[in-house]
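Here's a walk through a model, from overall build down to single residues. Have the viewer open while you read.

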Amino acid sequence: MRIFHLSDTHVGSASDFNKGTLYRLLEAIAESECDVVIHTGDVTQSGRRTEYKRARQMLSKIDAPVVILPGNHDARSGGLHLFEEYIGDTSGVREIGDAVIIYVNSAFADSDQGRVGMVKYDMMRQALNEYSDRPVKIIALHHHVVPIPRAGRERNVLYNAGDILDLILSGDVDLVLSGHRHYPNIYRIENTVFINAGAASATKTRYGDVNSYNVIDIDGERQHVATRRVDGAVQEQSFSRRRRHIFSSFGRRVFRAVQVSNSYISDGRAFLPQHFHNAVDAIAGLQPDLMVHCGGIVREGIPQDYDVAARELAKLNVPVIYTPAGRDINYLGYHLYATYFGQFDQAFSDGNILFQGISSAQYDSHEGIVGPTERRAVLDQLAAAPEHMKAVFLHHNVLPIPHSREKGLLEDSGDLLRDLVDADVDLVLTGTSSHPFAARVGGTVVVNANSLSSVYQRSLYGNSFNLIDIYEGAIAVFEINSLWGRRRLLGIWERNHHG
Amino acid sequence: MNADGCYPGFSELNRPIREVVTKRLIGVTAGSSLQEGVAKMVEFTISSLVVTDDGEPVGLITDADVKRAVADGLPPDTPVDKVMTTGLITVDISTTIREALETMSRQKIKHMLVTEQDTIIGILTLRDLEDMQRQRLETYISRE
């Protein structure tokens, strides 16, 4: 099966879109012998009738099945009803050969933000269940689900990207197609390939790039993606569709880490002391080689909370490294953190594995940023230890977290995630939004920790910390309930499997 | 809220087990000793292990099988395939939680292997479902 994937045509005035490029692209579609054309939104520049008319006239030249869904620009000027009039349904399900394509409108009027509301979320969920035995399952939506690199500040994200990502992964979707950021990017996350298209004909491209589109081939065993740019450059990637579910060969355990976040230690009611004490006992019993605290040590950066935190954490008889959350360095916390817990960018190495901290927090802000200078410095530090297994840890999330509003909490998460995956970092540990989550992006396992001991947590399984056991042959990640000590497997991945 | 009257993530009996099953299984190869198998169950704090032969699942060892083996006086070097339960009861990943619970209670079992297109891809245990309910109890404790 061959899919021709384009996005962000932005049909409008000459300053908005390259008409000649779009005509050449229509010729490429005609020559591609594709089974379906999928346009992931921003058909028009501003949702006006004249633009829709012109877009329909141009896109009607396509002589293949077409799936087109709206983007945020199509929802401007009250344009969504015109989309239905000139293009078709904004959401739905199409069956093409062995494949089912579930396409969803993630735009709403006059906002660049994305959102898949509860009704559409349910439609996606029901369609995934109804078509669960289909050999190829594809989801198409305009807004990117995971951060896109080289496209500037991470923003205009899907409000509920965490839930959508969770649904995609639990539904064993093969392909997720999107656009919006005008920069092409491909990740394999677990068994799903996330393909973001660049701008097909919009004049506004990012990172000095040119217009581009994707041609995707799927056969029984492989998915092949070619990103074709109008300057003739072609980037190709292949992904195996084989999935492994049973893990028998682990080899020797070489390292045990415990990952903790949002302890919220204080003498107030947001802190759950019984949860904390039981978890501390459980962590001591596990005898980890290292505990990594991914921020949110105290409820607020005030002396009273730091006093309690220092007293409580001193009971832990294991090596601990810390990175702050914004709340840790609010008020006097900026000074107290350094006094009680040391420097911001902490690191640990035993000669075989390197844990490198990245301070993403800013005081008086929930938002995080790493910045290009620090990002380069971290990448240099990782490159200086080529023989080590590599782990980085920071407070802010690089993948959206279930049941939490995705706000693009880490402003440069797109660039950071791409760089860490490309640098073959083995583990990325984060600790925001208080819900556990783990998934492999390319060869990089990304693990988020729930809150250890705060009332502010989002998981049905309760407060928890993560146990990360690294074996010669595999990485196994469990969450362990803070109060009861019950384990739940978050994932197992073969080691040294990049790509 | 969605059609089920609940937000995504909340335990609803009519939802497919696909949404709660971890599609990873810890296994032991046939021919391994009972001691090796039990060591793995202790290492990962799990109550069941899939026994594989040439990568294919051929049986399941649970806590109950291990207890029975010890009670019967079997030595630690007994091959796991002599102790495992065969004739596996499986459940398709599209089955609802309600149907899976009904099968478990009818068959009087606490573990069921989960299949997708006849391939075993995960395991559903009664405890997984119990743990989802535990939060309500925890919330109650937190308020005390």
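## Ground rules

This is a predicted model, so local features are reported at pLDDT of at least 70, side-chain atom pairs count only at pLDDT 80 or more, and totals for chains, interfaces and linings use all residues. Residues are numbered from 1 along each chain as its sequence is written, while chains are lettered from A and ligands numbered from 1 in the order in which they are written.

## Chain A as a whole

Chain A holds 10 helices and 25 strands. Those labels are DSSP runs numbered from the N terminus, with H or I runs of at least four residues for helices and E runs of at least two for strands. The C-alpha trace spans about 70 × 50 × 45 Å along its principal axes.

Of the 499 residues, 55% count as buried. Buried here takes 20 or more other C-beta atoms within 10 Å of the residue's own, exposed takes 12 or fewer, and partly exposed is in between, with C-beta atoms placed from the backbone. Looking at contacts in chain A with a separation of 6 or more, 71% come from residues 24 or more positions apart. A contact needs two C-beta atoms, placed from the backbone, within 7 Å.

Where they meet, 23 residues of domain 1 are in contact with 22 residues of domain 2. On the domain 1 side, helix 5 and strand 8 (185-189) are the elements giving two or more residues, and helix 5 gives the most, with 6 residues. By class, that side has 13 nonpolar, 2 polar and 8 charged residues. For the classes, Ala, Val, Leu, Ile, Met, Phe, Trp, Tyr, Cys and Pro are nonpolar, Asp, Glu, Lys and Arg are charged, and the others, Gly among them, are polar.

## Sheets and strands

One open sheet of chain A has 6 strands in the order 16-15-14-23-24-25, with mixed pairing. Strands count as paired when DSSP finds at least two bridges between them. Strand 16 (320-322) and strand 25 are the edges, each pairing on one side only. Neighbouring strands are turned by 20° against each other on average, direction ignored; the angles are between axes fitted to C-alpha atoms, for helices over the stretch in contact, on a scale from 0 to 180 degrees between N-to-C directions. Inside this sheet, strand 23 (464-471) and strand 24 (474-481) run antiparallel with 7 bridges, and Asp469(A) stands opposite Ala476(A) of strand 24.

Now for strand 20 of chain A. In a regular strand, side chains alternate between the two faces of the sheet. Strand 20 is covered on both faces: Leu427(A) and Leu429(A) on one side, and Val428(A) and Thr430(A) on the other, are all buried. Strand 19 (389-393) joins strand 20 in parallel through 3 bridges, and strand 22 (444-448) also pairs with strand 20 in the parallel sense, over 4 bridges. Val428(A) is the bridge partner of Val392(A) and stands opposite Val446(A) in strand 22.

## Where chain A meets chain B

The contact takes 27 residues from chain A and 33 from chain B. On the chain A side, helix 4 (118-130), helix 5 (161-170), strand 13 (246-247) and strand 25 (487-494) each supply at least two residues. Strand 25 gives the most, with 5 residues. The chain A side divides into 12 nonpolar, 9 polar and 6 charged residues.

There is strand pairing between the chains too: 2 bridges join strand 13 of chain A to strand 1 (25-29) of chain B, running parallel. Ile246(A) has Leu25(B) as its bridge partner there.

Which residues have a positive phi of about 50° although they are not glycines? Asp172(A) is one of them, in the loop between helix 5 and strand 7 (175-178) of chain A. Asp172(A) counts as partly exposed because 19 other C-beta atoms lie within 10 Å.

Ser434(A) also has a positive phi of about 50°, in the loop between strand 20 (427-430) and strand 21 (437-441) of chain A. Ser434(A) is buried, with 25 other C-beta atoms within 10 Å.
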